[in-house]
Number of protein chains: 2
Amino acid sequence: MTFDFGILKATDLGRLGRLITPHGVVETPAFIFCATKAAMKAVSPLQMRQADTQIILSNTYHLMLQPGGDVVKNLGGLQKMTGWNGPMLTDSGGFQIFSLGHGSVASEVKGRRLTNRPKTLLHINEQGAKFKSYIDGKTYFLTPEESIRIQRNLGADLIVVLDECTPYHVDKTYTQESMRMSHRWALRSLKEWGTHDDGRQKLYGIIQGGVYPQLRQESCDFVNEHNFFGIAVGGSLGASKEQMHDVVSFTMEMIRKDRPVHLLGIGGVSDIFSGVRQGIDTFDCVHPTRLARHGGALVKPKNNPSDTREHINLRNSMYCNDCDPIENDCGCETCVWASRGYIHHLLKSQEMLAYSLVSIHNIYFINKLMKSIRDALGNDTFDSCQKEWCLMESKGQK
Amino acid sequence: MTFDFGILKATDLGRLGRLITPHGVVETPAFIFCATKAAMKAVSPLQMRQADTQIILSNTYHLMLQPGGDVVKNLGGLQKMTGWNGPMLTDSGGFQIFSLGHGSVASEVKGRRLTNRPKTLLHINEQGAKFKSYIDGKTYFLTPEESIRIQRNLGADLIVVLDECTPYHVDKTYTQESMRMSHRWALRSLKEWGTHDDGRQKLYGIIQGGVYPQLRQESCDFVNEHNFFGIAVGGSLGASKEQMHDVVSFTMEMIRKDRPVHLLGIGGVSDIFSGVRQGIDTFDCVHPTRLARHGGALVKPKNNPSDTREHINLRNSMYCNDCDPIENDCGCETCVWASRGYIHHLLKSQEMLAYSLVSIHNIYFINKLMKSIRDALGNDTFDSCQKEWCLMESKGQK
């Protein structure tokens with residue numbers, strides 16, 4: 001069997017599933033870690049496996065600019081090239097093009113924050129999107145067909161249709177027009193994928209519609225009725241956690257139940273619990289690894305002196321002489337030997353090893369969290385699991 | 001047994017030895033890798049071991065400024081803190097203070113090159129050296145006693161006396177005065193070490209005297225007759241490879257044969273062969289790991305398209321689509337899966353993983369080289385070993 005998705009158990013608190021790809025099995029709910037430019041930055045593929053990682057993703061936008069889809073293909077495709085050799089997903093390139101174009105998610109790119117970044121999106125029309133490379137200023141024109149062709153060269157198991165990633169600040173009319181164009185793009189993506197389908201890749205559709213229930217309904221109907229293997233919930237989810245919860249909630253009610261559902265770009269611990277309760281199968285976010293590179297280590301509520309943040313900041317001078325590991329009860333490759341004091345020193349000295357050590361912890365932490373969630377869904381102990389892992393539940397806040 | 005040095009076999013082409021420390025055994029000739037700020041930058045302690053590393057060193061100068069010797073002691077000492085738990089050496093701090101002060105080895109510090117770096121050495125007198133921290137401008141006064149105290153807190157197995165690291169451009173009179181002061185400092189270091197000796201650390205003396213045979217003789221006599229466990233060859237070795245060879249050669253003839261001899265700061269492949277022939281037991285240099293962070297991968301002559309450089313530059317666009325590993329016949333953690341093309345992409349994208357992958361290769365390469373040298377000394381096949389590893393010998397050049 002090359003591809004399959006099966007639901008092992010469906011409950012009101014979430015569902016247990018199994019996503020099968022040519023490169024391996026993903027037990028869901030699962031977290032997809034971001035190897036943006038075909039690398040987990042400070043973590044090797046072996047270390048990713050040792051941290052119990054199931055699946056990673058790379059970004060078509062970055063890879064089409066450097067080294068290019070053809071080079072990745074020449075080097076054996078993403079899984080072989082990166083040494084990961086496990087399940088992978090690529091996005092369509094749309095998110096970065098449009099977030100850069102709209103200037104809203106600038107810090108995503110190049111791993112650093114530039115507040116006055118020049119906008120690189122030059123033009124959008126029915127055919128596709130024209131933008132400038134952030135590397136050398138060269139002009140590119142990305143169409144739905146071209147995105148699929150590039151993703152075919154990249155060779156990930158799961159690929160995604162090109163969409164216009166509409167920002168929050170546009171109105172309902174713009175959101176509706178944009179959504180309908182994204183639907184037309186999705187049909188073109190589906191056609192391009194289907195014409196060359198050799199069984200190696202499956203295509204995800206994306207649900208747009210912003211915060212508007214009526215548009216989400218239209219988008220769900222569209223994605224439900226076409227031949228997508230999986231469904232991604234995209235577009236603007238609102239301006240607050242409450243609104244995100246509402247948007248995901250009413251959207252999930254309209255989605256057919258037999259396909260894997262991915263929530264794009266969400267990755268905080270409480271957000272994951274919220275998503276699982278609504279039936280989400282997979283999540284992705286740069287949060288665990290980006291946080292790590294700033295010295296933030298994810299910890300369980302019982303190991304957390306804070307009532308508000310899900311992590312501790314190892315740059316804080318209070319950790320200078322601290323001989324304990326990040327978490328005493330953690331089994332990750334970092335916590336078995338490295339003290340908070342040592343990591344604090346490495347962060348102050350800007351040693352690359354710091355980013356590696358904290359990233360490994362955060363990746364293991366998230367994988368352990370997802371495993372606990374799966375176990376809890378299996379054993380009907382979801383509420384106590386959430387209390388153990390989720391700061392708000394644990395410390396009695398809302 | 002906590003400390004010992006034994007010569008297993010002495011030949012005209014070098015000697016085989018065994019250096020025993022409380023943290024493990026070092027088979028010599030051996031290479032000591034530089035964990036400057038108590039980290040191998042992009043390589044974890046586990047990866048160091050997997051690359052067959054025997055011993056590493058850290059720099060007192062950097063660690064006294066950040067995090068401070070007392071903090072390292074609180075965190076369990078260098079071996080425990082770094083997770084290395086193997087044999088270690090620390091230098092005295094002198095090299096960085098004086099090289100920064102004289103402005104000659106500026107690129108050493110902070111891992112980057114600053115050509116107009118302000119000189120941080122404020123004052124040298126009989127008592128010690130006054131300098132400014134490159135981190136916060138704070139003033140420090142390092143004496144021979146203080147260097148030993150800091151090294152005691154750091155806790156490496158092998159420690160080194162504070163000396164004035166005289167540059168090449170000074171005259172014989174300055175070199176002689178400086179050397180004699182370094183000898184007086186060495187006696188103070190020896191006294192401070194002996195007063196607190198608990199069997200955990202052994203002290204190396206340093207031979208000064210620049211390029212002058214008469215001064216080298218005086219310095220060898222001094223170091224030979226005092227109670228140093230090991231001997232380091234320091235000071236200026238001249239302005240060319242030929243002069244270095246001559247200086248090391250006549251110096252080695254004057255050194256007693258029963259102590260381990262370390263050649264400070266030398267680490268090219270041909271230099272290692274030259275040193276081994278002269279009886280050197282250990283080498284250290286930032287070269288293999290610094291080179292790696294610039295994309296330079298050490299390769300054997302048979303894998304090297306160049307007749308002049310001991311490495312290939314993976315940043316070169318010729319490697320863009322190259323599916324081969326750095327070396328096909330290498331067994332390192334990198335070469336078992338990573339292609340030159342992938343590493344080229346990572347270097348172009350400034351991904352940290354690139355520095356990690358090439359560093360691992362270069363460390364393994366040097367450890368394999370030292371193992372080959374030891375085997376060759378044992379089997380009396382040194383010349384063919386040198387031909388296999390050394391570009392000049394292999395390609396018939398001088």
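A:Asp380 is exposed, having 11 other C-beta atoms within 10 Å. Everything shown here comes from a predicted model, in which local features need pLDDT of at least 70, side-chain atom pairs count only at pLDDT 80 or more, and totals for chains, interfaces and linings use all residues. Residues are numbered from 1 along each chain as its sequence is written, while chains are lettered from A and ligands numbered from 1 in the order in which they are written.

**View 1. A:Asp380 has a positive phi.** The angle is near 55°, and the residue is not a glycine. Look for A:Asp380 in the loop between α13 (352-379) and α14 (382-389) of chain A. Helices (H or I, at least four residues) and strands (E, at least two) are DSSP runs, numbered from the N terminus.

**View 2. B:Gln350 has a positive phi too, of about 55°.** This residue is not a glycine. You will find B:Gln350 in the loop between α12 (340-348) and α13 (352-379) of chain B. B:Gln350 counts as exposed because 12 C-beta neighbours lie inside 10 Å.

**View 3. A cis peptide bond links A:Gln66 to A:Pro67.** Its omega is about 5°. A:Pro67 sits in the loop between α2 (60-65) and α3 (69-74) of chain A.

**View 4. B:Thr28 and B:Pro29 are joined by a cis peptide bond.** Here omega is about 0°. The loop that holds B:Pro29 runs between β3 (24-28) and β4 (30-34) of chain B.

Definitions and conventions
Buried ≥ 20, exposed ≤ 12 C-beta atoms within 10 Å, placed from the backbone.
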